[in-house]
Amino acid sequence: PPWAEVITEGKARIIAPKKDLFLRADGIYEPSHAPVFYNPAMVFNRDMAIAFLNMYSKQFARIESASDPMAATGVRGIRIALEVDGISEIILNDIDPQACRVIRLNILLNRISSLSRIYCEDANQLMISLSKSGIHVDYLDMDPYGSPAPYIESAVRYAGIKGVLAITATDLGPLTGRYPSKAFRRYRAYVNFRVDFRKELGLRVLIFNTISKASEHDMALKPLLSYYADHYYRAYFLIDMGASKADQLLARTGYIAVCPSCGYREASRDIVKGIICPLCGSYMALLGPAWLGPLADPEIVRGLASSVDKYVWLETRERIKWLVSMLESEDRIDRPFFYRIDYLARRAKINMPPREKLIECLRSMGYDASRTHFDYIGVKTNADLEDIDRCLKR
Ligand SMILES: C[S@@+](CC[C@H](N)C(=O)[O-])C[C@H]1O[C@@H](n2cnc3c(N)ncnc32)[C@H](O)[C@@H]1O
């Protein structure tokens, strides 16, 4: 097409929109203005998928088939076919006929016709009809505009048992509390823009909602890896079957009780007990429901840490290593929230201390403390607020 050019991402050559033709008023490329969506800023998201899949397929369970039911140019699935060892089938789909034409061209350009199937349907309808025909995939990547919530029920039917489901959510406005009524509509959750750890809360609400939809079908979606980056959330789940497995996961969900007066917070599985703040006696707000367990499986994080360097063609390899090392350190701490240092300092009426100094002080008191990937001025710790205050005032 005249509006397109051939670009390279990973090992794929992709027909994608010419950036200069689709600019916002401020001169920045706007992917959603283009006839077919391609966002070069999402290369980290796709690189991460390539690293994850290679590692997972070698160390955990073989991944042979993959699907992107909202494929746009097809870049994600094509990269998976070219860059993940052992892929024998990719199923791509987009509701937009123009996207389907571009996907077909991109499949030809990358010479992978023999292992590709392309559809041009509504993603929900396609996933249900393929699963009714007994077609399932080992890896399903849901990458919609905004929220993946409307697609989860059909996605869990289409992704095979013991397969992996990955979701991207770009609707951080609702999830981080800017639009609470939309968060309630989409996720049936209470969120609050004023809490300092809202970026973590949003991801945990997204995970809860996904697990909970699957649990209605006695399916268990175990979080394997989840994170925040560049204003989106990403979560990978292992799909399993069984009521008791679903119950075990749901046992790790609940609320985060937050005191609006003194900033005290705690994970709360009991919505009655969590109401009164043990520090100042005020009523606490219950946020969530949210996933309260770890954001990543430590074995997955270790697997990634030890394998990323093998994928030398990945443009964002250093960033993957950074994220993995952050998750390794912060996710050890069994608290579903962090503290922003500016918030802590305002609360204690002192100047903001350097992050590393606070972390060192908390560690010297015997607590675990870490930076967090969610926020550069965030600190994750299992210390209680009184001891955090002691460190702040030192
Ligand atoms: C964010 S883009 C996908 C980007 C792509 N996965 C990638 O990695 O570059 C979302 C795509 O979903 C498509 N889409 C929107 N609603 C859909 C639906 N109900 N069924 C299938 N595709 C849909 C859009 O046409 C768009 O191309």
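How many residues surround the ligand, and which are the closest?

A: Happy to walk through it with you. This is a predicted model, in which local features need pLDDT of at least 70, side-chain atom pairs count only at pLDDT 80 or more, and totals for chains, interfaces and linings use all residues. Residues are numbered from 1 along each chain as its sequence is written, and side-chain values use heavy atoms, with hydrogens and water left out.

The ligand is surrounded by 20 residues, and the closest are D68, D94, D122, A123 and D143; a residue belongs here if one of its heavy atoms lies within 4 Å of the ligand. From the backbone, a polar atom of M70 sits 2.9 Å from a ligand nitrogen, and an N or O atom of I95 lies 3.2 Å from a nitrogen of the ligand. D143 uses its side chain instead, with an N or O atom 2.7 Å from a ligand nitrogen.

D143 also pairs with R76 in a salt bridge (3.3 Å, N to O), that is, a side-chain nitrogen of Lys or Arg within 4 Å of a carboxyl oxygen of Asp or Glu. D143 is in the loop between β6 (137–142) and α5 (152–158) while R76 is in helix α2 (residues 75–83), so the pair ties together parts that are 67 residues apart in sequence. Helices (H or I, at least four residues) and strands (E, at least two) are DSSP runs, numbered from the N terminus. The whole structure has 28 salt bridges.

An automatic or database assignment sets the domain bounds, giving domain 1 (4–251) and domain 2 (338–394). Their C-alpha centres lie 35 Å apart, and the contact (heavy atoms within 4.5 Å) takes 8 residues from each of domain 1 and domain 2. Between them they bury about 770 Å², 53% of it on carbon and sulfur atoms; this is the accessible area (1.4 Å probe) lost on being put together, summed over both parts. Across this interface the rule finds 1 salt bridge and 4 residue pairs in polar contact, both residues at pLDDT 80 or more. On the side of domain 1 that touches domain 2, α8 gives the most, with 4 residues.

How values were computed:
Buried area = accessible area lost by both parts, 1.4 Å probe. Polar contact = N/O pair within 3.5 Å; in protein donor to acceptor, adjacent residues only side chain to side chain.
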